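Visitor: I would like to understand the labels used for this structure. Could you walk me through them?
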Amino acid sequence: MPEILLPIGPQHPALKEPVNFKIVVDGETIVRLDLDISYNHRGIEKAAEQRDFVRVVPLLARVCGICSHSHTTAFVKGIEEAMQLEVPARAQYIRTIVAELERMHSHLLWLGVAAHEIGFNTLFMWTWRDREIIQDMLEETTGNRVIYGVNEVGGVRCDLTLDLIRASFEHLQKLEDRITQYVGMVKNDETLHMRFSGVGKLSKADALKYGTVGPTARASGVDYDIRKDDSYLAYDEMPWKVVTDTHGDVFGRTLVRIGEMQESLTIVRFCLENLPEGPIAVKAPKTAPPAEVLSRYEAPRGELVHFIRTNNTDRVERLDIRTPTLANWTAVAVSLVNQNIADIPVIVAAIDPCLSCTSRITLLNGRNKKTSLMTWDELRSYSGEYYRRKRCA
Amino acid sequence: MPDTPPGPSARLANWARLKSPWITIFNSGACNACDIEAIACLMPRFDVERFGILAKGSPRHADILIVTGPVTMKQASRLRRIWEQIPEPKYVIAMGACGSSGGVFCGLYHVTDGVENTIPVDVWVAGCPPRPDEIINAVVACLNLMKEDFTRGGKAWRQKKVEKTSDAGGHSEEVPA
Amino acid sequence: MTDPLTLGSVTEAMNGVGTAEQVSRNRIRIKTNPGRLHKSLLLAHTILTCDHLIQISAVDNGTIFELIYHMTGPHQTVISIAVELPREKPEVMTTSGIMPASGIYERQIHDLMGIEFKGHPGLTRLILNEDWPKNEYPMRKDWKPDPGTFYGGIRGET
Amino acid sequence: MMDAFQLAVYILLFPGFLFLVLYAFFFKFLDRKITARMQNRVGPPLLQPFADFVKMLAKEVINPKGVDRQALDVAPLLALAAVMTAYLYVPIIGESPLAFQGDLVVVLYLLTLPTIILFIIGWLSRNVFATIGGVRAVTQMFIYEVPFFLALITPALMAGSWSISDIIAWQQQNTWFAVLQPIGFIVALIGLQAKLERVPFDIPEAETEIVAGPWTELTGRRLALMQLSMNITLVTGSALVAAVFLGGPMTPWTIAPDWLSASIGFLLFLAKTFAILLILISITVASGRIRIDQLNDIGWKYLASAAFIQMGIVIMMNYLWVGA
């Protein structure tokens, strides 16, 4: 079979960011590839420079709907550091609870998506069913299912009442039973093993070299976890451990994520049991003194970095966001070469973005092993012409 | 459309159309929140398959296009193409604040502010993100529109809005009934 | 996790290449110039065992461009190596040769800020759409969208 | 035998095409409903597959650039005709009026046609995903078809006839082939699953990899007819496996009036096809999709050798027991 250019993306049946892979395949094997991740660029960093701190927080919640708490926490953490603001302990605990709930919901979502990528729809349905437990907890606490808007500069917006805490324990118990069930499922299911083991392997040296973060790095044995290394919120006040694995493949990443869900359960329980009394927010000044802060945060997908520079005004001079997906991208590109196209979704999903698959405009020029691609202009004129013709016919 | 009342076969086709709306979800630069809520509709808690709604990967198989996100400049042409790929009769739901107007991203340098600047929209859903209940409600509203369109013989009766946007710089592609 | 680095050890390692200052509890900022960037990165990588490139931040403060390479390692102290580039000719040697992870950040900065990374193997468009005009960099402070220019979307509209 | 009128009723109404199409819709409904229930969902209403079919018939047909319209129009019809014809040879309420020596081979041959037509559609669609899906469909066919054939032909060896009716008659006298040849039965079920392109063998239409494979460019009535023919393949395949391994519609003892025997046979047919559908659904629900190279491994290493072993055992049994 000649080499075929297979564009994957930017639209996908499952979900998440539109991404485009221009993949050259020979038969079913990937020869080389190029990534295009620009579909979602909205210009948030520019907008963040033009809005004041109060308005930037909700904007950043919408960088990504799945880790909205991560982005806002990373930002308010950085601004509070620049303002040298002491945040009440209760606020830190509530932020931690929401952060860990978000991590669990994101990992469950990921497990479902990974199962969906290999066509295992039952697991997909079940994990998303159990995700609803977390969504209920979040909705009871914060009033929204997905973008919670808990954070503000100086603290949090909503408090936990005793009733809520009591209800949360019941939810957590249910969730723990289900997660234990998934641990068994992942470890014992034959098809999961066949599709995940040995796929997208990344050695520890490579994981460091390509700058991977989060579960991807931890599955390769790199024990970097910002919650331990550069502790923030309330993480240094409770017992928990960093989950690592040595498989280095998609299966290892699955195990790491499942282990992290169990750790998150412990953290949330601890926080709910030891929630300190006191106010939930302090009044923040309008402006921030000149400072340069690198705010690191362990988002569900890995290390999230907000580089913030303030300049005595009520706006940031520069906000540079480095998302975990961008850091993991290079490793994906490297580990995809020489793999089977059937493994693309699994490998790419394993770092937890989602790729998409419906761009359907390519022409293949089979004979001389040359690939050709219609440019968008050609395409546009073609489609216009085509629809004119069709309407006449 | 003829003035005579629709025959039994047309009525059967319309009944079937109302009973089996297949959707395609297109992320035109959204923050994923709308997407995961739309996917959550397919899941056991909400399970839209009981209304015959199926999510399809190929736009060729879809009846309703759900567009999330403020339509980034790069996605605009793709969105138009996906929309062109859907066979008639097709309906578009603009989902969330971003899909309706651009939301928090309104006016940024890389977005085109809302779905209706690119393709004609039939139903708008408010919320950031809308709850799954509201998404189901939007699909039901879309089905009601289909029914209404069927009795009135096409989409022309509510085309005013599309023409207005086309005057204001929106595209003027008329949707054949 | 090993012991955090101290300002003294960093100054010693960076001897003559750049000046170090402690900016926060576990972050040390090193100021250097474009010519010594490579050397300082290599020193950080080898002597200070920084094996993880966190981010390359690009800042435009209105008069000058600043590139800040944030690195860390098992000691979990962030080493930020900062260089300043003139606005007229923002050029620097690529670091993707010594740190493959930096390739994608450099592409992003090239797209948004217009900083040229010499020797980069594939400095192509990453973030902006394909219709975006050349030589327009939205993250520069003085950039304003020009109503007459076509930036993207569907041609002939908006 | 029947007269012409009876034959026409048999072919066109009951248990022929009309019943077949309705039963295929009902079967699809059962399939989706039970899957949904197993996934903790409510599932679609009863008329859902019918509504889907009518809706697709009424939708616009889009011809991608450069495709051969006529070929794309004809291909689904060919697939439909092939599987409908195959169905007529499978006994439903007693011996099929069209039965002849060797109809088993004809049915098996006709059942492979939808896959080949999917490949052709994929190739004609001028779309990478469809092309790759088509190539995958054909690759998969080469893998599962051999064990599937072997598994279904082995009962014929034992019964000493290539006619499905004779095989059923043999089972009526002795016992089910599912009991005598358990390995063959399992291989046949897995082969059927692969033929129907259901999880874990939905490689040709893997949604997350290649959108919908050969189906990607199908629209309107083409999609409707192609899906209908896949549903009918589900019915025909289940009926065939039920006939060859589970004794088909024949009761183990003879019942006096013909109409009673036929009705009971019909009920048996429904029950047995339903049982096979249940097995297929359980496999689907409890597994993920495997890769084509893994299928290759499984198909040739395990399925084919299992089918060969079964055949060897049967030849030995024939020699020692039946032949004696």
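Guide: Gladly! A residue is called buried if 20 or more other C-beta atoms lie within 10 Å of its own, and exposed if 12 or fewer do. Keep in mind that this is a predicted model.

Visitor: What makes B:Val71 count as buried or exposed?
Guide: B:Val71 has 33 C-beta neighbours inside 10 Å; the cut-off for buried is 20 or more, so B:Val71 counts as buried. B:Val71 is found in the loop between β3 and α3 of chain B, and its phi is near 60°, a positive value in a residue other than glycine.

Visitor: And why is C:Asn135 called buried or exposed?
Guide: C:Asn135 has 5 other C-beta atoms within 10 Å. The limit for exposed is 12 or fewer, so C:Asn135 is exposed. C:Asn135 lies in the segment after β7 of chain C and, although not a glycine, has a positive phi of about 65°.

Visitor: How do you know whether α3(D) and α11(D) are roughly parallel or antiparallel?
Guide: These two helices pack at an angle of about 150°, with their axes 6 Å apart. Angles over 145 degrees count as roughly antiparallel, and therefore α3(D) and α11(D) are roughly antiparallel to each other. α3(D) passes α11(D) in a left-handed crossing.

Visitor: Which residues of α3(D) meet α11(D)?
Guide: D:Phe53, D:Met56 and D:Leu57 do, and their partners in α11(D) include D:Leu223 and D:Leu228.

Visitor: What is the mean pLDDT of chain D?
Guide: Chain D averages 82, and 96% of the residues score at least 70.

Technical notes
Residues numbered from 1 in each chain as written. Chains lettered and ligands numbered in written order. Predicted model: local features only at pLDDT ≥ 70, side-chain atom pairs only at ≥ 80, totals over all residues. pLDDT = per-residue confidence, 0-100. Axes fitted to C-alpha atoms, helices over the stretch in contact; angles between N-to-C directions. Helix = DSSP H or I, 4+ residues; strand = E, 2+ residues; numbered from the N terminus. Parallel < 35°, antiparallel > 145°, perpendicular 65-115°, else oblique. Left-handed = near helix turned anticlockwise from the far one by under 90°. Contact = placed C-beta atoms within 7 Å.
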